Amino acid sequence: MNGPKSATPSSPAKRSGWLKQLHQWHWISSAICLIGMILFAVTGITLNHAANIESKPAIVSKTVQLPGELTAPLKPKSANEPDSKAPVPAPVRAWLARELGRAIDGREAEWNRDEIYLALPRPGGDAWVRIARDGGEVEFEDTDRGWISYFNDLHKGRHAGVAWSWFIDIFAVACLLFSITGLLILKFHAVSRPSTWPLVGLGLVIPALLALLLIH
C-alpha cells in the first residue's frame with residue numbers, strides 16, 4: 001500500500017515555477033514599456049541638452065472682429081464689475097474656432113472690466129486669445145516651438161491633460177513591475193553569475209557618489 005504523497009512541491013520545482021512566472025511578468029511589462037521607455041530616454045537626452053538645441057518658434061498672429069450678436073452678451077453689466085474666471089460662452093467659442101482655426105474648449109478664461117483673456121497652452125507651444133468686451137475686437141497669437149519641444153513637454157507632462165497624466169502614472173507602475181521582476185530574476189541567476197551584484201551595486205554607487213561629491 002502506498003503512503004500519502006506530499007502536497008508541497010519540491011524546492012527545485014517551486015523555484016522553476018517562480019522563475020517561469022517572473023519571466024512572464026518581465027517580458028509582458030517590458031513589451032508594454034518598450035516604446036514609452038525609448039520616448040522617455042530620448043527626451044531625457046534632449047531635455048538635458050535643451051540649451052544646445054536651437055529652435056526658432058513659429059508665431060502666428062490674427063486680429064478679427066466678433067459679430068455684434070456675440071459681443072452683446074460679453075459686455076460688462078456694471079462699471080464696477082469684479083474680476084472673475086469663467087468659460088467663454090459656447091457660441092463665442094464655436095465662432096473663434098472657425099475664425100482662428102484653433103479648437104477652443106471650455107476651460108476658464110480671466111474676465112475683467114475691459115477684456116476676456118483666454119490662455120491656451122499646449123505641449124510644444126502656447127496660444128492666447130484676448131477679447132475686448134465693449135467693442136468685440138479679438139486678438140490671437142499662437143506660438144509653435146517644434147516637435148522636440150512637443151516631446152519634451154510630454155516627458156514632463158506639461159499642459160498635456162488628464163489622460164496623459166494617467167498614462168504617465170500607469171507607465172511608471174509598469175516600469176516598476178519591469179524593474180522589480182528583473183531584480184528578482186537577477187537574484188535567481190546570481191549564484192551562477194558572480195558579477196551580478198557588483199554590477200547592480202555600481203548602478204547605485206555611481207549616482208550616489210556623483211550626487212554627494214559633485215552636486216552642490
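**Entry 1: confidence**

I began by reminding myself that this is a predicted model. The protein chain has an average pLDDT of 91, and 95% of the residues reach at least 70. I then checked residues 1–7, where the pLDDT is below 50. Beyond near neighbours in sequence, that stretch makes zero contacts in the model. Where pLDDT is low, the predicted coordinates should not be read in detail. I left that stretch alone and moved on.

**Entry 2: the cores**

Which residues have the most contacts inside the largest nonpolar core? I found Leu-66, Val-92, Leu-96, Val-129, Ile-131 and Val-138, in a core of 20 residues. Two or more residues each come from H3, S3, S4, S5 and strand S6 (137–144). H3 gives the largest share, four residues.

Setting aside neighbours within four places in sequence, Leu-96 touches Gly-101, Arg-102, Ile-104, Val-129, Ile-131 and Val-138.

Another core lies apart from the largest one. This other core has five residues, among them Cys-33, Phe-40, Phe-171 and Ala-174.

**Entry 3: Arg-102**

Arg-102 had turned up among the contacts of Leu-96, and I followed it up. Arg-102 sits in the loop between helix H3 (90–100) and strand S3 (108–111). Is Arg-102 buried or exposed? Its relative accessible area is 16%, so Arg-102 is buried. Beyond four places in sequence, the contacts of Arg-102 are Leu-96, Ala-97, Leu-120, Arg-122, Ala-127, Phe-140 and Asp-142.

**Entry 4: aromatic rings**

How many aromatic pairs are there? The count came to seven. I looked at Tyr-117 and Trp-128, whose ring centres are 6.2 Å apart and whose planes meet at 25 degrees. Planes under 30 degrees apart count as stacked, so this pair is stacked.

Tyr-117 belongs to strand S4 (residues 115–119) and Trp-128 to strand S5 (residues 125–132). The pair therefore ties together parts that are eleven residues apart in sequence. Tyr-117 is partly exposed, at 24% relative accessible area, while Trp-128 counts as buried at 19%.

**Entry 5: helix H4**

Next I turned to helix H4 (residues 147–156), where Ser-149, Asn-152, Asp-153 and Leu-154 are buried. What covers the buried residues of H4? The cover includes helix H1 (11–48), S5 and helix H5 (161–189). After H4 comes Gly-157, with a positive phi near 70 degrees.

**Entry 6: cysteines**

How many disulfides does the structure hold? I found zero. A disulfide is a covalent bond between the sulfur atoms of two cysteines. The cut-off I used for a disulfide is 2.5 Å. Cys-175 is in no disulfide either, with the sulfur of Cys-33 as its nearest.

I checked how covered these two cysteines are. Cys-33 is buried, with a relative accessible area of 0%. Cys-175 is buried as well, at 18%.

Notes: Residues numbered from 1 in each chain as written. Predicted model: local features only at pLDDT ≥ 70, side-chain atom pairs only at ≥ 80, totals over all residues. Heavy atoms only, no water. Buried < 20%, exposed > 50% of the residue type's maximum accessible area, 1.4 Å probe, protein only. Contact = heavy atoms within 4.5 Å. Phe/Tyr/Trp six-rings, centres within 6.5 Å; stacked < 30°, edge-to-face > 60°. pLDDT = per-residue confidence, 0-100. Core = buried A, V, L, I, M, F, W, Y, C linked by side-chain atoms within 4.5 Å.
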